[in-house]
Amino acid sequence: MKYKIVFYTVGRVMLFEAALLMIPLAVSLVFGESCAVAFIISVLIALVPGLALTLLCRGAQKDIFIREGLAIVALSWVCISAAGALPFVISGEIPSYIDAFFETVSGFTTTGASILTDVESMSRGLLFWRSLTHWLGGMGVLVFVMAIMEKVPDRSINILRAEMPGHSVDKLTPRSKSTAKILYYIYLALTALEIVFLLLGGMPLYDSIVHALGTAGTGGFGIKADSIASYSHYLQWVITVFMLLFGVSFNLYYLLLLKKWRAALDSNELKCYLGIFLAAFIIIAVNIYPLYGSVADAIRLSAFQVSSLVTTTGYATADFNLWPQLSKAVLFLLMFAGGCMGSTAGGLKMSRIVVLAQSVRNELRHALRPRAVSSVRLNGRRLDPQEVKSVHSYFAIYITVIIAVFLLISFEPFGFETNLSAAVSCVNNIGPGFDLVGPAASYADYSGFSKLVLSLAMLLGRLEIFPMLLLFSPKLWSKR
């Protein structure tokens with residue numbers, strides 16, 4: 001382990017966060033809010049460790065191998081969450097640091113779970129910061145840092161692999177910095193496009209920016225108690241479409257820009273993603289139609305909620321706690337799915353579902369024809385056995401983590417449905433669950449211990465388990 005490059009990079013990330021805190025500071029100054037002072041103090045506090053680490057670790061070797069990549073990503077995400085919570089506490093709008101830390105982790109991991117019971121009483125600067133953390137965390141904080149840094153360390157692809165969602169990361173160009181830039185250009189363009197469509201629907205500029213940031217990061221933090229329900233049907237449809245778009249792999253958008261239409265549209269992961277969406281949408285629309293008595297309302301509400309959960313965004317236009325059991329069961333299963341590899345969505349990811357489904361199919365074929373040779377293919381590429389094995393291993397650890405989180409919070413005086421959905425929701429970075437943590441409720445009633453457990457669950461889910469688990473492994477930090 002090369003400690004200097006690890007702490008030097010973490011220091012650079014802290015400096016970038018201090019700079020980013022200036023954006024909500026400007027928003028609070030525009031609206032004449034007193035929380036501006038909290039942002040100024042937070043910037044100064046974030047600068048101290050940032051400057052100390054970068055100055056003390058100057059001259060570090062530039063190579064970043066797998067160990068360094070894992071350590072940098074895990075440490076950076078913990079540090080930015082710890083510092084990002086400061087404005088909430090210093091302003092007094094979230095007095096408890098544990099609550100503020102939970103809220104900030106939920107923002108950066110694009111989960112959208114909240115401890116706020118009266119979100120509309122929050123200052124606009126702090127609400128903007130919540131949504132900005134979604135946008136930064138969606139594509140990856142370190143990916144953003146790499147995109148704007150003048151000099152990127154060697155082998156920095158190991159940072160992309162540790163932070164980007166999905167079981168593998170493909171370099172779009174030979175240089176990691178160029179790959180990071182391309183990803184953020186596409187991300188920024190889609191975000192700006194959504195803002196334009198929201199403005200055309202009459203949504204105020206501030207609301208449009210906040211909701212576009214939340215949609216782009218598939219996070220789901222809103223500025224109203226009813227999430228998106230009080231906005232017009234047009235605006236709900238815009239957000240529905242863009243949630244689906246941000247759940248698609250950004251590699252496919254790059255292929256479309258290169259006019260490689262066939263390669264982009266022939267993705268079996270994309271077909272699985274759209275297939276699951278359509279199946280769940282039809283089932284729920286039919287199931288909730290008697291509840292609303294309107295075909296248009298059933299289609300709109302079903303499309304929005306399915307899009308929200310399959311992409312792990314977490315916005316809501318209805319309290320699905322009140323929906324029939326079949327619809328709730330379908331939504332619960334969607335909480336595990338997630339979007340495509342290389343998107344901003346959380347969850348298991350469609351690529352892994354495709355690999356697992358093909359593995360099951362091959363095992364069934366092998367039982368009937370023991371000598372048959374079969375393979376697993378993803379997006380036109382044949383996967384080698386080691387890649388398939390890694391997906392199986394990840395799935396086993398993923399289920400184990402959900403069970404562990406569920407058991408750790410099960411001492412809380414809540415029902416089985418509440419605790420299980422909270423565990424599943426936080427590990428999959430969704431936000432709302434069922435019963436007492438449904439779309440019309442919050443996580444405020446959980447104890448401090450459970451909030452820390454759920455915060456760790458969100459970090460595990462966003463970083464796809466391994467970086468956070470290995471952070472506590474002595475072998476990761478050994479010099480050899």
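Select D226 in the loop between helix 11 (205–216) and helix 12 (233–246). Helices here are DSSP runs of H or I with at least four residues, numbered from the N terminus (strands are E runs of at least two). D226 is partly exposed, at 35% relative accessibility. The cut-offs are under 20% relative accessible area for buried, over 50% for exposed, and partly exposed in between, with a 1.4 Å probe and protein chains only.

Before moving on, note that this is a predicted model, where local features need pLDDT of at least 70 and side-chain atom pairs count only at pLDDT 80 or more, while totals for chains, interfaces and linings use all residues. Residues are numbered from 1 along each chain as its sequence is written, and side-chain values use heavy atoms, leaving out hydrogens and water.

D226 and R369 are 143 residues apart in sequence, and their C-alpha atoms are 55 Å apart in space.

Go to S227, also in the loop between helix 11 and helix 12. Is S227 buried or exposed? S227 is buried, at 12% relative accessibility. Show Y315 and A316: S227 touches both, leaving aside residues up to four places away in sequence. Contact means heavy atoms within 4.5 Å.

Stay in this loop and pick T218. T218 is not a glycine, yet its phi is positive, about 45 degrees. Its relative accessibility is 0%, so T218 counts as buried.

T110 is another stop for backbone angles. Look in the loop between helix 6 (97–108) and helix 7 (124–139). T110 has a positive phi of about 60 degrees and is not a glycine. T110 is buried, with 1% relative accessibility.

Next, the surface. Select L193, V196, F197, L200 and Y234, which form a nonpolar patch with about 460 Å² of accessible area together. Patches take residues with over 30% relative accessible area and no salt bridge, joining nonpolar side chains (Val, Leu, Ile, Met, Phe, Trp, Tyr) within 5 Å and like charges within 9 Å. A salt bridge puts a side-chain nitrogen of Lys or Arg within 4 Å of a carboxyl oxygen of Asp or Glu. Areas follow the Shrake-Rupley method with a 1.4 Å probe; for residues, only the protein chains shown count as cover.

Which helix gives the most to the nonpolar patch? Helix 10 (residues 176–200) does, with four residues. L200 is in helix 10, and L200 is exposed at 65% relative accessibility.

Turn to the rings. The whole structure holds 25 aromatic pairs. Select F277 and F281: this pair is stacked, with 6.0 Å between centres and 5 degrees between planes. Rings of Phe, Tyr and Trp (its six-membered ring) pair if their centres lie within 6.5 Å; planes under 30 degrees apart are stacked, over 60 edge-to-face, and the rest tilted. F277 and F281 are four residues apart in helix 15 (residues 268–292), so about one helical turn separates them. F277 is buried at 10% relative accessible area, and F281 is buried at 17%.

Then show W135, Y184, Y187, F197, F242, F246, F250 and Y253, which form one aromatic cluster. F197 also belongs to the nonpolar patch.

Finish with two arginines. R124 has its charged end over the ring of Y206, 5.1 Å from the centre. R130 lies over the face of F221, 3.8 Å from the ring centre. For a charge over a ring, NZ of Lys or CZ of Arg is within 6 Å of the ring centre and within 35 degrees of the ring normal.
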